[in-house]
Amino acid sequence: MTWHAMQHLSRSSFLIASLALAVTGCTVTPNMWPFRDNERTSYPTPAMRTDAIREFAARSNGLDTPEQQEIASQLARQIQVEPDPLVRGTIVETLARFNTPLASQVMVAGLHDADPIVRRKCCHGLGERGDPSAIEPLSRALREDDQMDVRVAATEALGRIPSPEALKALTAALEDRDPALQFAAVQSVKQISGQDFGGDVRAYLQYAQCENPSIAKPPTSVAERLRGMTPF
């Protein structure tokens, strides 16, 4: 087995294991998902699955209610068996609209998906939520992901979480030699702090490393962010 295949298998295994733990104990309303298990032998096309998933987005209300939890649970179960990365990405986009703990858990687990498109969408979704608990996994994606686009997405997502911890996490991008990553980090520092040091990357780095950096705006609640999100 090649290293690429091993890496693909490792990411997929991690994602499935993480989601299996996340959905344990969840109650799911029968037939909420439009495709019954016994129909998987004649699997609907990716376009059909995508359309069905997007219908759930309109049912999001930004609240953590039993109905919203059940929808998130169905989507979490579906992403475990979904072979198409574009459909998995649609699941992530839809889950990002639900203000439930499981939705966040799926997106964190999705940072280890085999496909970089899915990982980017997870970064974006976590950034939109603005939840400080996402700083650590986003920081890890920024430092360790093997795709630059994903690292940039993680950097941009950190810029949407107004906290000193997010600023400190951005130092890894500011210290990187890649200009695209540095640029994204500069924009994120500006967004969090409201400070503008022109094109001096070192000034942004020093600011991110300081003990008591100022934050430009107070955190917005997750529910308010989700209600303001535009669907697809």
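This is a predicted model: local features need pLDDT of at least 70, side-chain atom pairs count only at pLDDT 80 or more; totals for chains, interfaces and linings use all residues.

Biologist: Got it. How many helices and strands are there in the protein?

Modeller: There are 13 helices and 0 strands. Helices (H or I, at least four residues) and strands (E, at least two) are DSSP runs, numbered from the N terminus.

Biologist: And what percentage of the residues count as buried?

Modeller: Of the 232 residues, 47% do. Buried means under 20% relative accessible area, exposed means over 50%, and partly exposed is in between (1.4 Å probe, protein chains only).

Biologist: What share of the contacts links residues 24 or more positions apart?

Modeller: Among contacts with a separation of 6 or more, 68% are between residues 24 or more positions apart. Contact here means heavy atoms within 4.5 Å.

Biologist: OK, what about the core? Which residues touch the most other members?

Modeller: The largest nonpolar core has 50 residues, and the ones touching the most other members are Leu-75, Leu-95, Cys-123, Leu-138, Leu-158, Leu-174 and Val-189. A nonpolar core is a set of buried Ala, Val, Leu, Ile, Met, Phe, Trp, Tyr and Cys residues joined through side-chain atoms within 4.5 Å. In soluble globular proteins, nonpolar side chains tend to be buried together.

Biologist: Pick one for me. What is Cys-123 in contact with?

Modeller: Skipping neighbours within four places in sequence, Cys-123 contacts Leu-111, Leu-138, Val-150, Ala-153, Ala-154 and Ala-157.

Biologist: How do helix 6 and helix 8 sit together?

Modeller: The axes of helix 6 (residues 116-129) and helix 8 (residues 148-158) come within 8 Å and cross at roughly 5°. That makes helix 6 roughly parallel to helix 8. For the terms, axes are lines fitted to C-alpha atoms, for helices over the stretch in contact, and angles run from 0 to 180 degrees between N-to-C directions. Angles under 35 degrees count as roughly parallel, over 145 as roughly antiparallel, 65 to 115 as roughly perpendicular and the rest as oblique.

Biologist: Which residues make the contact?

Modeller: On helix 6 they are Pro-116, Arg-119, Arg-120, Cys-123 and Gly-127, and on helix 8 they are Asp-149, Val-150, Ala-153, Ala-154 and Ala-157. By class, that contact of helix 6 with helix 8 has 6 nonpolar, 1 polar and 3 charged residues. Ala, Val, Leu, Ile, Met, Phe, Trp, Tyr, Cys and Pro count as nonpolar, Asp, Glu, Lys and Arg as charged, and the others, Gly among them, as polar.

Biologist: At what angle do helix 7 and helix 8 pack?

Modeller: Helix 7 (residues 135-144) packs against helix 8 at about 145°, with the axes 8 Å apart. Ile-135, Leu-138, Ser-139, Ala-141, Leu-142 and Arg-143 of helix 7 meet Arg-151, Ala-154, Thr-155, Ala-157 and Leu-158 of helix 8. The contact of helix 7 with helix 8 divides into 7 nonpolar, 2 polar and 2 charged residues.

Biologist: Where is Ala-169 found?

Modeller: Ala-169 is in helix 9 (residues 164-169), and it counts as buried at 11% relative accessibility. Beyond neighbours within four places, Ala-169 contacts Ile-135, Ser-139, Leu-142 and Leu-158.

Biologist: Switching topic: how many residues of helix 4 are buried?

Modeller: 8 of the 11 are, so helix 4 is largely enclosed by the rest of the structure. Its cover includes helix 2 (46-57), helix 3, helix 5 (101-110) and helix 6.

Biologist: How does helix 3 pack with helix 4?

Modeller: Helix 3 (residues 66-81) and helix 4 (residues 85-95) pack at about 160°, with axes 10 Å apart. That makes helix 3 roughly antiparallel to helix 4. Ala-72, Leu-75, Gln-78 and Ile-79 of helix 3 meet Arg-88, Ile-91, Val-92, Thr-94 and Leu-95 of helix 4.

Biologist: Last one: is Val-201 buried or partly exposed?

Modeller: Val-201 is partly exposed, with a relative accessible area of 22%. Val-201 is found in helix 12 (residues 201-209) and, leaving out residues up to four places away, touches Leu-174, Gln-182 and Val-186.

Notes. Residues are numbered from 1 along each chain as its sequence is written. Side-chain values use heavy atoms; hydrogens and water are left out.
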